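Please look over the sequence and structure first.

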Amino acid sequence: MKNNATGDMSRRQFIRTAAVGTAAASIGPGILRAQEDKRPLKAGLIGCGGRGSGAARDLLSADPAVQFIAIADLFEDKFGRTLDGLKKRGAATDDILQFVGFDAYEKVLDTDVDIVLMATPPHFRPAQFAAAVDAGKHVFMEKPVAVDPVGARMIMDAGEEAKKKGLSVVAGTQRRHEHPYVETQKRVADGMIGEIVAMRCYWCGNPVRFNPREPGWSDMEFQMRSWFNFLWLSGDHIVEQHVHNIDVCDWFFGAHPVKALGMGARVRRQVGDIYDFFAVDYEYANGVHCESMCRQIVDCARNVSEHLVGTKGWTNCKGEIRDLNGEMLWRYEGPKTPPAKTQEHIDLLKSIRTGEPLNEAQNVAESTLTAIMGRTSAYTGKLVTWDDMMESDMRLGPTEYGLGDVPIDPTQLPGKPWPENV
Ligand SMILES: NC(=O)c1ccc[n+]([C@@H]2O[C@H](COP(=O)([O-])OP(=O)(O)OC[C@H]3O[C@@H](n4cnc5c(N)ncnc54)[C@H](O)[C@@H]3O)[C@@H](O)[C@H]2O)c1
């Protein structure tokens with residue numbers, strides 16, 4: 001995609017409801033350490049849509065004393081619901097800093113927030129995460145964390161920097177914090193199903209969301225408000241949504257795949273430039289394959305799940321392990337609460353407070369890149385290797401942003417037309 005964003009920066013606004021003492025050019029990174037400092041955490045939120053508000057609620061369920069001092073979004077109209085929710089919980093005051101625009105995240109990072117929650121469309125995550133690490137902030141970032149190989153590698157690099165700085169980083173691949181998954185993974189790692197010989201995973205359901213274009217919206221505003229449907233913003237649904245299930249396979253197997261052969265198409269969707277379905281054959285080390293399937297078409301069979309087969313048994317990854325005859329070997333009977341999306345914040349806060357940083361940047365970057373590898377194979381029709389992805393200079397979308405026009409890429413078709421002369 002060409003960078004033809006018009007730089008319509010006059011629409012970018014900087015709203016500051018009050019000049020509170022937290023504004024922070026003067027405040028250094030000062031990473032919060034628990035034993036030294038029991039004060040309530042100060043949080044910032046970047047991306048005040050559905051998940052951003054949800055992540056803020058989840059953080060407050062994990063620690064009701066957290067205070068939100070700064071929020072950011074591209075659009076001012078996104079603040080209302082988030083602010084109401086925060087104020088109702090006593091987690092924000094009228095002095096909360098509110099920043100609007102593509103560079104609003106930088107202003108949140110300039111305050112003395114200890115922790116920042118990131119829930120914009122994934123296209124923006126690599127630059128925002130790198131800047132947060134640079135600013136010395138602990139991070140919760142939603143999945144996926146990139147839409148292209150360049151972005152995924154930026155996350156890996158920034159994750160390494162975060163390690164050096166002792167920062168905690170938790171990603172929104174919440175199954176890694178969900179008790180039945182965690183307990184099943186431990187047993188698979190301990191050999192309960194023997195050697196893993198095959199895996200499969202699915203996210204088959206409906207399309208996520210589409211906001212019809214309103215008069216006065218530029219191309220960019222339309223794409224931003226319906227971002228799930230655009231490749232450069234969402235990474236396509238294999239990346240945006242199916243990454244959850246792919247992440248489980250990478251996690252349980254203990255490594256990312258080495259190659260992918262995928263296919264897919266667009267047959268029903270009438271907006272945007274992404275596919276309706278993908279089927280990818282991932283090959284992991286030792287010749288183990290994972291069959292991955294995802295579809296977003298209304299009124300079709302649904303399935304969101306992961307399954308592993310080993311030499312001694314098999315598992316649904318979320319609380320059941322059976323032998324090869326189907327007899328139950330183990331079933332998770334422990335607590336199912338707190339919910340995974342709260343537990344991930346409990347784990348994040350614990351890691352900050354104990355000074356033993358949890359850092360999930362590499363894991364989520366690898367799962368994201370696994371999904372991008374499958375997508376790339378489906379789009380091109382070629383076998384794609386992990387090394388291809390680690391060397392690829394593919395970078396989607398503009399490099400400078402404004403609310404002007406941006407073209408919609410034509411949908412990518414693999415192979416060549418056949419027959420050619422009809
Ligand atoms: N873990 C989960 O189960 C889960 C569930 C839903 C969504 N998500 C992820 O959360 C993220 C957000 O999804 P959502 O459903 O909240 O979408 P959303 O559209 O409701 O919210 C995104 C918000 O980001 C804002 N935004 C866009 N670009 C921005 C920028 N450059 N700077 C600041 N703000 C910007 C938008 O205006 C919008 O308010 C996505 O990565 C999505 O995949 C994860």
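Domain bounds, as used here, come from an automatic or database domain assignment. For this predicted model, that assignment divides the protein chain into domain 1 (9-173 + 343-359) and domain 2 (176-335 + 369-391).

**Domains**

- The C-alpha centres of domain 1 and domain 2 are 27 Å apart.
- Between the two domains, 14 residues of domain 1 are in contact with 18 residues of domain 2.
- On the domain 1 side of this contact, helix 5 (149-165) and helix 11 (340-354) each contribute at least two residues.
- Helix 11 has the largest share of that side, with 3 residues.
- By class, the side of domain 1 that touches domain 2 holds 7 nonpolar, 3 polar and 4 charged residues.

**Ligand shell**

- There are 26 residues around the ligand, and G47, G49, R51, E142 and G172 come nearest.
- Helix 1 (50-62), strand 3 (67-73) and helix 3 (104-109) each provide at least two residues of this shell.
- Helix 1 gives the most, namely 3 residues.
- The shell divides into 13 nonpolar, 7 polar and 6 charged residues.

**Helix 1 with helix 11**

- Two packed helices are described by the angle between their axes and the distance between the axes.
- For helix 1 and helix 11, the angle is about 60° and the axes are 8 Å apart.
- The crossing of helix 1 past helix 11 is right-handed.
- The residues that meet are D58, L59, S61 and A62 from helix 1 and K341, T342, H345, I346 and L349 from helix 11.
- This contact of helix 1 with helix 11 comprises 4 nonpolar, 3 polar and 2 charged residues.

**Helix 5 with helix 12**

- Helix 5 packs against helix 12 (residues 361-380) at an angle of about 170°, with 9 Å between their axes.
- Angles over 145 degrees count as roughly antiparallel, so helix 5 is roughly antiparallel to helix 12.
- Helix 5 makes the contact through P149, A152, I155, M156, A158, G159 and A162, and helix 12 through A361, Q362, A365, T368, L369 and I372.
- The contact of helix 5 with helix 12 has 10 nonpolar and 3 polar residues, and no charged ones.

**Helix 1 with helix 2**

- Helix 1 and helix 2 (residues 79-88) pack at about 10°, and their axes lie 9 Å apart.
- Angles under 35 degrees count as roughly parallel, so helix 1 and helix 2 are roughly parallel to each other.
- From helix 1, G52, S53, A56 and R57 meet R81, T82, G85 and L86 of helix 2.
- The residues of the contact of helix 1 with helix 2 are 2 nonpolar, 4 polar and 2 charged.

**Backbone**

- Most residues other than glycine have a negative phi, and most peptide bonds are trans.
- The peptide bond from K143 to P144 is cis, with omega near -25°, and P144 sits in the loop between strand 6 (138-141) and helix 5.
- The bond from T337 to P338 is a cis peptide bond with omega near -5°; P338 is in the loop between strand 15 (328-331) and helix 11.
- N286 is not a glycine, yet its phi is positive, at about 60°.
- N286 is located in the loop between strand 10 (277-283) and strand 11 (289-296).

Methods. Residues numbered from 1 in each chain as written. Predicted model: local features only at pLDDT ≥ 70, side-chain atom pairs only at ≥ 80, totals over all residues. Near = placed C-beta within 6 Å. Helix = DSSP H or I, 4+ residues; strand = E, 2+ residues; numbered from the N terminus. Nonpolar A, V, L, I, M, F, W, Y, C, P; charged D, E, K, R; others polar. Contact = placed C-beta atoms within 7 Å. Axes fitted to C-alpha atoms, helices over the stretch in contact; angles between N-to-C directions. Left-handed = near helix turned anticlockwise from the far one by under 90°. Parallel < 35°, antiparallel > 145°, perpendicular 65-115°, else oblique.
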